[in-house]
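The entries below follow the order in which I looked them up.

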Amino acid sequence: MNKRDSYPDHVVYSGVSMGRGVLRPGLAATRFQLTRTVPCAELAPFVEFYWILRWDLRGQQPHEQTILPHPNVNLAFEASGAGIYGVDRRLFTRSLSGSGRVLGARFRAGCFRPFWRAPISELTNRVVPADRIFGPEAEETRRAIMRADAACDDVARSGGVAGTGGVADALADADAVMTERAEALLCSVRPERDPAAEQAAELVARITADPALRRVDQLAAASGMSARSLQRLFADYVGVSPKWVMRRARLHEAAERADSGELIDWAELAADLGYADQAHLTRDFTTTIGVPPTHYAAPSEPLGRAGPLGRARPLGRARPVS
């Protein structure tokens with residue numbers, strides 16, 4: 001069964017889908033392949049989608065991919081291990097070299113809380129080994145996932161599969177096997193559904209979908225909750241504040257517009273996103289991404305890497321690209 005489907009924040013470049021938060025997506029599409037599949041019905045209340053990252057840069061310069069994170073927890077399986085990645089408040093960079101692959105599960109905002117069984121704020125800006133929750137089965141699953149995709153590499157090196165779609169079919173088969181392995185692990189410990197987790201997910205989705213929600217008091221009025229209750233819910237289930245989620249949603253929109261290649265009226269965009277003025281947007285964008293939005297929109301402008309703006313992580317312990 002082909003489980004490929006749409007997902008809520010996709011951006012398409014040259015036929016390749018890149019999610020919001022993948023900066024310089026046009027360049028990224030030439031350096032790695034990123035696919036997503038939807039979860040089974042049993043896990044849909046918890047998992048937003050699975051993502052599979054593959055790259056083959058053998059004989060080429062390494063690629064550094066900068067990511068503007070979302071308010072989601074990820075579970076990722078790669079050659080170096082399996083890890084649980086909490087919400088990262090900072091910009092980060094993943095270095096890709098040689099060849100490799102990663103399979104990840106991006107949980108709905110707030111919906112990893114039933115697995116973790118403690119405030120998600122304990123995971124913010126942290127990576128913990130997957131066996132902390134899933135036991136030794138996490139490593140067994142990781143090895144099975146890596147074996148499944150290694151078989152696809154063998155097909156690619158041999159020039160494809162006679163009588164089939166060749167490498168494309170091999171990739172699709174590997175995707176199916178890899179996600180089935182991940183789902184089997186998640187289903188083995190699937191907790192009961194938590195109404196508060198689903199409420200948190202709905203509130204985050206509402207912030208992302210409605211640019212008119214610019215202040216916590218507006219979200220409180222729309223949800224029928226007090227601002228204090230919202231703060232507690234987000235700290236416990238999402239790991240960051242509702243104000244942070246609102247700010248990050250605005251920056252995702254601004255970065256997407258800057259990456260579009262279109263001429264942008266920055267003062268108008270600032271007003272659309274709820275900033276007091278263009279200077280406020282410029283400060284927010286520059287503080288988080290490392291360069292002003294007008295410079296970021298220039299194709300040759302490198303992203304800032306100094307100080308707290310980004311973390312360059314070594315291959316194998318990097319943040320997932322989701």
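Entry 1. I began with strand β4 (residues 47-56) and found that eight of its 10 residues are buried, so to speak mostly covered. I took buried as under 20% relative accessible area, exposed as over 50% and partly exposed as in between, with a 1.4 Å probe and protein chains only. Strands (E, at least two residues) and helices (H or I, at least four) are DSSP runs numbered from the N terminus.

Entry 2. I noted the basis of the values. The model is predicted: local features need pLDDT of at least 70, side-chain atom pairs count only at pLDDT 80 or more, and totals for chains, interfaces and linings use all residues. Residues are numbered from 1 along each chain as its sequence is written, and side-chain values use heavy atoms, with hydrogens and water left out.

Entry 3. I looked up the partners of β4, where two strands pair if DSSP finds at least two bridges between them. Strand β3 (residues 33-37) runs antiparallel to β4 and is joined to it by five bridges; Thr35 stands opposite Ile52 in β4. Nine bridges join β4 to β9, again antiparallel, and Phe49 has Arg106 in β9 as its bridge partner.

Entry 4. I turned to strand β6 (residues 74-78). Five of its five residues are buried, so β6 is largely enclosed by the rest of the structure. Asn74, Ala76 and Glu78 lie on one side, and Leu75 and Phe77 on the other.

Entry 5. Which strands does β6 pair with? I found five bridges to the antiparallel strand β7 (residues 81-85), with a hairpin of two residues joining β6 to β7. Five bridges also join β6 to strand β9 (residues 99-107), likewise antiparallel. Phe77 is bridged to Ala82 in β7 and to Leu103 in β9.

Entry 6. I then examined helix α9 (residues 242-259). Of its 18 residues, 13 are buried, so α9 is largely enclosed by the rest of the structure. Just after α9, Gly261 takes a positive phi of about 80°.

Entry 7. I checked α9 against helix α11 (residues 278-289): their axes come within 11 Å and cross at roughly 90°. Axes are lines fitted to C-alpha atoms over the stretch in contact, and angles run from 0 to 180 degrees between N-to-C directions. In contact (heavy atoms within 4.5 Å), I listed Arg247 and Leu251 among the α9 residues, and Asp284 and Phe285 among those of α11.
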